[in-house]
Amino acid sequence: MTENTTSTAPVRPGVTALTERPSAQVLVIGGGINGISTFRDLALQGIDVVLVERDDWVSGASSASSHMIHGGIRYLENGEFRLVRESVHERNGLLEIAPHYVKPLETTVPIFSTFSGILNAPRRFLTHNTGKPNERGAALIKAGLVMYDAFSGAGKRRVPRHKFRIGNKARADMPRLNSGIRYTATYFDASVHDPERLALDVLKDGLATGPHARAVNHVEAIAVRDGDVLLADRISGKQFTVSAEVIVNASGPWTDLTNDALGGDTRYMGGTKGSHIVLDHPDLVEATRGREIFFEHSDGRIVLIYPLKDRVLVGTTDIDADPSTPTRCTDDEIEYFFDLIKHVFPDIAVSRDDIVYSFSGIRPLPRHDDTTPGFVSRDYNVERTQLPGVSVPVLSLVGGKWTTFRALGEQLSDRIMEILGAARQVSTVGLPIGGGRDYPTTDAQRRAWVASRRGDVPAERADQLLTRYGTRASEVIDAISTGPDTPLPASGLSTAELRYMVEAEQAVHISDILLRRTDLAFVGDVTAAVLTELGDAMAEICGWDSQQRATEIEAAVDNLRDAHRVEVTASTTTV
């Protein structure tokens, strides 16, 4: 949900940096993961770059992911071999450069038949239209996994090869699965437990390169004025222009809408809606044995059941969507999720009372006309766009996904620098991201890091911060150690950490904290006490008066209800 609550706080430093120097070599519009990645890459090359985002960082399509960093095994069926090759390379790379957030993910595919789908596979490959659902059987999945292993093994292998189990061995391995399952295939991809925090780390890497890199959220590109882009600060209401030598539209599903606001008329996008629910269901967590269950549902849609943060993430749908209207997880989608759980775990009962959170977003896919949504390309491309009244080059990004954000940012940056006549100075291949630098990967290393870096902070607290920030936790520990700090017991935060989120991570609203700086909303831990606590603390930090504080709390409650189906009551949250 878009929040546009006007704050009484002073003008933010990021806005001041733009108004005092309203020009740049490159203006990037859109602060999802791909816009942020492009910003970081350009900043590392010394390019004078500005990034603006109309809401909070990664609050659009990037906030609605399945929390996976994956090679895209199903893209093989689409013939997208280049994308699979790049995806597994990037997955392996992120396991190295972002180990604080990206972890190996064991994935099991339950399979009910042997040869089903073989005759249908060529038609799927050639026409990208599923027609009548035809289940993929063991032979087809085995062939796909052999090919996937080959892609994964190119270069330095970071994950094990797949395993195939038959009959009793399959059922003994995962005894809660449907007794009709004849095979299971288990392979490894990767998970990203905190995608929003990973994006913030990428952003902070860019900002840390120097004053030539400027980025501010809650600032919207609304028009063109005398050849420059007119921006509106949605917090203060002030408007100002920024000129650039290259403009990049990285608005994701809203790319056409942004071009329209700037006077253009494009029809690049054809995104599809994907929804998820999060369950607090210990029995289902146990049944998964810590693995993602990844399979084909009865309608041919690839779906997942994914244990995460002691909860279970269930998704996802793939429905044509209109980016001009908000997306919400619907009652029909919830029933669909319950049905897919029953399909593989028939003895596990789930109900709406188990849901603690839901979310829905639009994938930034290209316009696809009659192509079945599940077969629309997940690859990306860049369109040179002509905007009336704009004499500089405008590049519109179409597509892109979490797994390939680094490579996309590099390739888009190279194209921009070619236009500028600049040369690459730094490669981001193998370059650690934020708190992934020197991240301890063993228990012994972790204990040593905490012991040497915690200062006056209790070891348990320092360990929590290491989990949330990676080795950037040292910055938060410094903030706690050098300034006033009061525990916030309802949320598990403290006033110094909250101040860090506001000052170093540009959190503006309470929802920014609940949804993207922490996992409080995701795991269902938002209560009236949490809202009161955060409202009081942020009022002190941000300079809100009592009316502004009440407005911010009300906006958070509305956002949780309208966008995530969460009702905050006096003592708990319900869905």
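**View 1. The annotated C-terminal segment, residues 427-549, of a predicted model.** An unreviewed UniProt entry places the feature "domain: Alpha-glycerophosphate oxidase C-terminal" at residues 427-549; UniProt positions are given in the numbering used here, feature names are shortened, and annotations may be inferred rather than shown by experiment. Over these residues the chain is 55% helix and 3% strand, with the end C-alpha atoms 44 Å apart. Helices (H or I, at least four residues) and strands (E, at least two) are DSSP runs, numbered from the N terminus. Residues are numbered from 1 along each chain as its sequence is written. In this predicted model, local features need pLDDT of at least 70 and side-chain atom pairs count only at pLDDT 80 or more, while totals for chains, interfaces and linings use all residues; side-chain values use heavy atoms, with hydrogens and water left out.

**View 2. The largest nonpolar core.** A nonpolar core is a set of buried Ala, Val, Leu, Ile, Met, Phe, Trp, Tyr and Cys residues joined through side-chain atoms within 4.5 Å; buried means under 20% relative accessible area, exposed over 50%, partly exposed in between (1.4 Å probe, protein chains only). Of the 72 residues in this core, Tyr357, Leu498, Ile510 and Leu514 touch the most other members. Helix H17 (residues 528-542) gives the most to the core, with 8 residues. The core lies between domain 2 (83-190 + 273-361) and domain 3 (441-564), because both give residues to it; domain bounds come from an automatic or database domain assignment. Another core, of 44 residues, lies apart from it and includes Val192, Tyr380, Met417 and Leu420.

**View 3. The salt bridge between Arg234 and Asp55.** A salt bridge is a side-chain nitrogen of Lys or Arg within 4 Å of a carboxyl oxygen of Asp or Glu; a search of the whole structure finds 48. In this pair the closest N and O atoms are 2.7 Å apart. Arg234 sits in the loop between strands S9 (228-233) and S10 (239-249), and Asp55 in the loop between strands S2 (49-53) and S3 (68-69), 179 residues apart. Both Arg234 and Asp55 are buried.

**View 4. The salt bridge between Asp173 and Arg291.** The closest N and O atoms are 2.7 Å apart. Asp173 is in helix H6 (residues 168-173) and Arg291 in the loop between helix H9 (282-288) and strand S12 (292-296), so the pair ties together parts 118 residues apart in sequence. Both Asp173 and Arg291 are buried.
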